[in-house]
Amino acid sequence: MTDKPATGHKLDADTLISFQGVCKWFGHFQALQDINLSVNQGERVVVCGPSGSGKSTMIRCVNQLENHQRGTIHVCGREVYGNMKQLEQVRREVGMVFQSFNLFPHMSILQNVTLAPMRNTKLSAAEASDTALHYLERVQIADQASKFPSQLSGGQQQRVAIARALAMKPRVMLFDEPTSALDPEMINEVLDVMSELASDGMTMMVVTHEMGFARKVADRVVFMDEGRVEENCSTEEFFTGGRGERAEAFLSKILQH
Amino acid sequence: MTEPPLQTRRKLTTVDYICFSLVGAIIAYTIHRVSDVLVYNWNWSRVLNFVAYYDEDSAAFVPNLLLHGIATTLRLAFWATIVAATIGLVMGYLRTSKNLAMRMISRCYVELVRNIPPVVFIFIFYFFLSGQLMSVIGLDDLNKNGTFVSSGVFYTLFGDPKLFSNFVAGALCLALFEGAYITEIVRAGIQSIPKGQWEAARATGLSPLNVLRDIIFPQAVRKILPPLAGQFITLIKDSAIVSLISIQELTFLATEVASTTTKVFETWIIVGAMYFILCYSFAALFSHLEKRALRARR
């Protein structure tokens, strides 16, 4: 699991996400500097780093919520760029969970989960709601299916968001700081769901500060700073001292308590 | 559990009584001055006859010019609102579009309408455009004796068939005019939807059309219903300006009644009261519906 993807840009059949020389600017500020990275089928990659280091920007480039300006990104064998139809195809294979849940407030929990499958595939309402209930069951929230997002706690909303992403049966799941907006007592219920997902073999890319989760679940840790990938090594290596100076400084800051 | 303290009902205080009596005094003084200076023979019944008169033969009240006028005003407002809402929805979306040409077109429309006095806008539209438009879409040769045209349904919806093309011109004028304001309301509504909603919808692979239809518009519409209702009431009031292009709505007929009866004050006071009752009833209805919707959502 310690493959270094920086060299040689050939795409394996197993490679679900690959970044090659990706750069991104916001105005004059360069948010991503020459990112080379790949995520293989079944791999769990945790991305960490100080705020403003480009972690979120990078993960958002995967499904093009941010457009990169240089380099190429391949997802599930397709290059993501411009073409709307192709982009929609990619997005249907990539589930995403946001920091602020972003559930649709005007729809019930069930409708939140059934919407995309019904619109994107020719699933009937009954089939879609069966699938939705299955995934809601999996995140242990099926009994709240008829409620509205505003009636749920943050942790519950985030689990619904996970079910919503899963309902499209994606090949990869992206998590963009999924627990950062949660009250402390709700963090674990979300991390538990994510761990379970990982043990079922889901390919995951997770931006998080939860180092306990990283240590337990991740195969690989990517450490970013100032728009660059500074470390890209196995979890064991990362936590047993095989990390560089900056990663060391970062970890010592967040693991103080 | 302890009970919350009983809320005492708010009562009028001395300050309130002083305010009321001051306002009353000013009104009384004004009336006194006016009746002193103005030697005027008030005659309300002549004008009231033009609202509705008593028909001896059928022994019933028959609506007269002013009530016909208010019916036309309502019809105008109804159709103009539908057209204006459609224009506003499309243009409002284009205002937020990524495409520069689309943004420029909608921006031009809004700025043109908002920076020309309504009266001038209506003259331009009516004399230069609607004359051409009506013959192009063939409204001038409408068969006045067709089964639908001569039916009661048509009369209820569009009024007198003889004045149909005139009515359509008036409604279109108003719609184009109010559409610009609705455009801005819709734009604000769309822009008030958090970025995360767009992202979450796109991230599940929904097509751009579905993102709008399922996620953005339903939420935006809920937010803009109160200002839209307000705009509807504004539209009723603004409809008075199409009297200038001879649409036979309340204000137009009021000028006729005023000149026939020579009772200018009575006519306009009564017409003002009719507009007030109409608009205030709608305002009361909308605020009632809004409160109910708020309660239902809780």
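The buried residues of helix H4 of chain A are A:Ala128, A:Ser129, A:Thr131, A:Ala132, A:Tyr135 and A:Leu136; buried means under 20% relative accessible area, exposed over 50% and partly exposed in between, with a 1.4 Å probe and protein chains only. Seen down the axis of H4(A), these buried residues fall within an arc of 160 degrees, so they line one face of the helix. The arc is that of the directions from the helix axis to the C-beta atoms. This is a predicted model, in which local features need pLDDT of at least 70 and side-chain atom pairs count only at pLDDT 80 or more, while totals for chains, interfaces and linings use all residues. Residues are numbered from 1 along each chain as its sequence is written, chains are lettered from A and ligands numbered from 1 in the order in which they are written, and side-chain values use heavy atoms, with hydrogens and water left out.

**Helix H4 of chain A**

H4(A) covers residues 125-138. Helices (H or I, at least four residues) and strands (E, at least two) are DSSP runs, numbered from the N terminus. The 14 residues of H4(A) reach 20 Å from the first C-alpha to the last, close to the 20 Å expected at 1.5 Å a residue; the expected span is 1.5 Å times one less than the number of residues. An α-helix has 3.6 residues a turn, so residues three or four places apart point the same way. The face of H4(A) turned away from the buried side carries the exposed residues A:Ala126, A:Asp130 and A:Glu137. What covers the buried residues of H4(A) includes helix H3 (109-120) and helix H5 (154-166) of chain A, where contact means heavy atoms within 4.5 Å. Just after H4(A), A:Gln140 takes a positive phi of about 55 degrees.

**The antiparallel sheet of chain A**

Four strands of chain A form an open sheet in the order E2-E1-E4-E5, with antiparallel pairing; two strands pair if DSSP finds at least two bridges between them. The edge strands are E2 and E5 (78-79), each of which pairs on one side only. Strand E1 (residues 15-26) is mostly covered, with 10 of its 12 residues buried. E1(A) and E2(A), the latter spanning residues 29-40, are joined over eight bridges. A:Thr15 stands opposite A:Asn40 in E2(A), and A:Trp25 stands opposite A:Gln30. Two residues lie between these strands, which form a hairpin, and A:Gly27 in the turn has a positive phi of about 60 degrees. E1(A) also runs antiparallel to strand E4 (residues 70-75), to which five bridges join it. There, the bridge partner of A:Ile17 is A:Val75.

**Strand E8 of chain A**

Five of the five residues of E8(A) (residues 203-207) are buried, so the strand is largely enclosed by the rest of the structure. In a regular strand the side chains alternate between the two faces of the sheet. In E8(A), A:Thr203, A:Met205 and A:Val207 point one way, while A:Met204 and A:Val206 point the other way.

| Partner strand of E8(A) | Bridges |
|---|---|
| E3(A), residues 44-48 | four, parallel |
| E7(A), residues 172-176 | five, parallel |

In E8(A), A:Met205 is the bridge partner of A:Val45, and A:Thr203 stands opposite A:Val172.

**Aromatic rings and charges**

Over all chains the structure holds 18 aromatic pairs. Rings of Phe, Tyr and Trp (its six-membered ring) pair if their centres lie within 6.5 Å; planes under 30 degrees apart count as stacked, over 60 as edge-to-face and the rest as tilted. The rings of A:Phe223 and A:Phe250 have centres 5.4 Å apart and planes at 45 degrees, so the pair is tilted. This pair links distant parts of the chain, 27 residues apart: A:Phe223 lies in strand E9 (residues 220-225) and A:Phe250 in helix H9 (residues 245-254) of chain A. Both A:Phe223 and A:Phe250 are buried.

In chain B, the pair B:Phe276 and B:Tyr280 is stacked, at 5.5 Å centre to centre and 5 degrees between the planes. Both residues lie in helix H11 (residues 264-297) of chain B, four residues apart, about one turn of the helix. B:Phe276 is exposed, with a relative accessible area of 53%, and B:Tyr280 is exposed with a relative accessible area of 53%. Ring pairs also link B:Phe78, B:Trp79, B:Phe158, B:Phe164 and B:Phe167 into a cluster.

Two arginines of chain A lie over rings. The charged end of A:Arg164 sits over the ring of A:Phe104, 4.6 Å from its centre, and A:Arg215 lies over the face of A:Phe239, at 4.5 Å from the ring centre. A charge sits over a ring if NZ of Lys or CZ of Arg is within 6 Å of the ring centre and within 35 degrees of the ring normal.
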